[in-house]
Amino acid sequence: MTESFRRSGEHEYPQGPGHESAYAQAQHVSSPVDPEWPPPPAYAPAQQTATQKRAKGPFALLAAVAIVAAAIGGGTAYGIQELTGTKTVSTSSTSTAVVPSSLKGTVAGVAKAVSPSIVEISATSNSGRSTGSGVIVTSNGEVITNNHVISGASSIKVTTNDGTSYTAQVVGTDSKKDLALVKLQNASGLKTATLGNSEGIQVGDQVVAIGSPEGLTGTVTSGIVSALARDVTVSTDENQGQGPGGRWPFQFGGRQFNGDTGSSTTTYKAIQTDASLNPGNSGGALIDMNGNIIGINSAMYSAASDSTSSGAGSVGLGFAIPINTVKADLATLRSGSQS
């Protein structure tokens, strides 16, 4: 795993006379998820000549298509809100252009757009302190991270990209998916990340990773999606010791890395990336070039063989939990489940 460890310390309507009432009535149509939306016109349309009908037919068809598209879009947004409860989470069912058009497709553009939504997490326990990262999912301070970043912590401190620090409490955990939800105390107006669609990614897609490796807040690296649906096995024991240099152990391809995962483990399908991940990147974001979060970074392999972090740099073998897994688990985490 990739946290570091340090010992304690969006119709136009006819205008003019006779149409004002119809326009006003149309304004009351507000539910894009009603299967009968849009409703029949609230007024009888004026008779048209055959020529006028031929001329307006294609435009009317285009308008109808636009209306249907709007209904589908609204239904999607409503569905997401129903899934995640009363909290508002910025999500994308396809790919939303989060990055400004002038910086589209650039690492700099992704970094500028998304960095304010990534935090550093410092968790203190009886055995010391671990540092990881997190992703802001609501403006009032809900943050997604890895379970192993905060597991067993007696206190949690979260620092945002602008340097503001908050005390945080664990809301829910899911050790089988290595996910946790924490809530910042007295937070408001935070910039939320946009959760994308991890099923839409392909091997070779460019990606950006943002996190706090070794406590270096807001570190940005880049690479590609190296592979998909990799089986990664991690420990579910909150007392599981960390490997050399504070690296969290995991299994992949029948081998163990960064130490012993112990006997209590779980396996999930991960996105493999060669974007540089180091201790402290755990819980941070893996992002597509439009600025959508497509994964939560969770594990990296380091070739270091000694007990210090010296020489424990990234070798381009990192793994992230697909964001669709996170979205599917969010309601459970919000319920306060501790598993």
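A salt bridge here is a side-chain nitrogen of Lys or Arg within 4 Å of a carboxyl oxygen of Asp or Glu. Arg334 sits in helix H5 and Glu142 in strand S4, so this pair ties together parts that are 192 residues apart in sequence. Helices (H or I, at least four residues) and strands (E, at least two) are DSSP runs, numbered from the N terminus. Both partners, Arg334 and Glu142, are buried. Buried means under 20% relative accessible area, exposed means over 50%, and partly exposed is in between, with a 1.4 Å probe and protein chains only.

Ground rules next. This is a predicted model, so local features need pLDDT of at least 70, side-chain atom pairs count only at pLDDT 80 or more, and totals for chains, interfaces and linings use all residues. Residues are numbered from 1 along each chain as its sequence is written, and side-chain values use heavy atoms, with hydrogens and water left out.

How far can we trust it? pLDDT is the predictor's confidence in each residue, from 0 to 100. The mean for the protein chain is 75, and 63% of its residues reach 70 or more. Confidence is lowest in helix H2 (residues 50-84), at a mean of 43, and highest in S4, at 98. Over residues 5-46 the pLDDT is below 50, and that stretch has 44 contacts in the model beyond near neighbours in sequence. Residues 305-311 are also below 50, with ten contacts counted that way. Contact means heavy atoms within 4.5 Å.

Overall layout. The protein chain has five helices and 16 strands. Of its 339 residues, 43% are buried. Its accessible surface comes to about 16400 Å², and 51% of that belongs to carbon and sulfur atoms. The areas come from the Shrake-Rupley method with a 1.4 Å probe; for residues, only the protein chains shown count as cover.

Back to the charged pairs. How many salt bridges does the rule give? The count is three. Lys177 and Asp329 make one of them, at 3.6 Å, N to O. Lys177 is in the loop between strand S6 (165-174) and strand S7 (179-184), while Asp329 is in helix H5, 152 residues apart. Lys177 is partly exposed, at 29% relative accessibility. Asp329 is buried, at 3%. Then Lys269 and Asp231: closest N and O atoms 2.8 Å apart. Lys269 is in strand S13 (residues 265-273) and Asp231 in strand S10 (residues 219-235), so the pair ties together parts that are 38 residues apart in sequence. Lys269 is partly exposed at 47%, and Asp231 is partly exposed at 39%.

Now the strands. Two strands pair if DSSP finds at least two bridges between them. Strand S2 (residues 118-125) runs antiparallel to S3, with eight bridges. A hairpin through two residues joins S2 to S3, and Ala123 stands opposite Ser130 in S3. Why call S3 (residues 128-136) largely enclosed by the rest of the structure? Because eight of its nine residues are buried.

S3 pairs with strand S4 (residues 142-145) in the antiparallel sense, over two bridges. Ile136 stands opposite Val143 in S4. Five residues lie between the strands in that hairpin, and Gly141 takes a positive phi near 105°.

S4 is joined to S7 by four bridges, again antiparallel. There, Val143 stands opposite Val182 in S7. S6 and S7 are antiparallel with six bridges, and Gly172 stands opposite Leu181 in S7. The S6 and S7 hairpin has four residues between the strands, and Asp178 in the turn has a positive phi of about 55°. Five of the six residues of S7 are buried, so S7 too is largely enclosed by the rest of the structure.

Last, the packing. A nonpolar core is a set of buried Ala, Val, Leu, Ile, Met, Phe, Trp, Tyr and Cys residues joined through side-chain atoms within 4.5 Å. The largest has 32 residues, and Val114, Ile144, Ile293 and Ile296 have the most contacts inside it. Helix H5 (residues 323-334) supplies the largest share, four residues. A second, separate core has 16 residues, including Ile136 and Val182.
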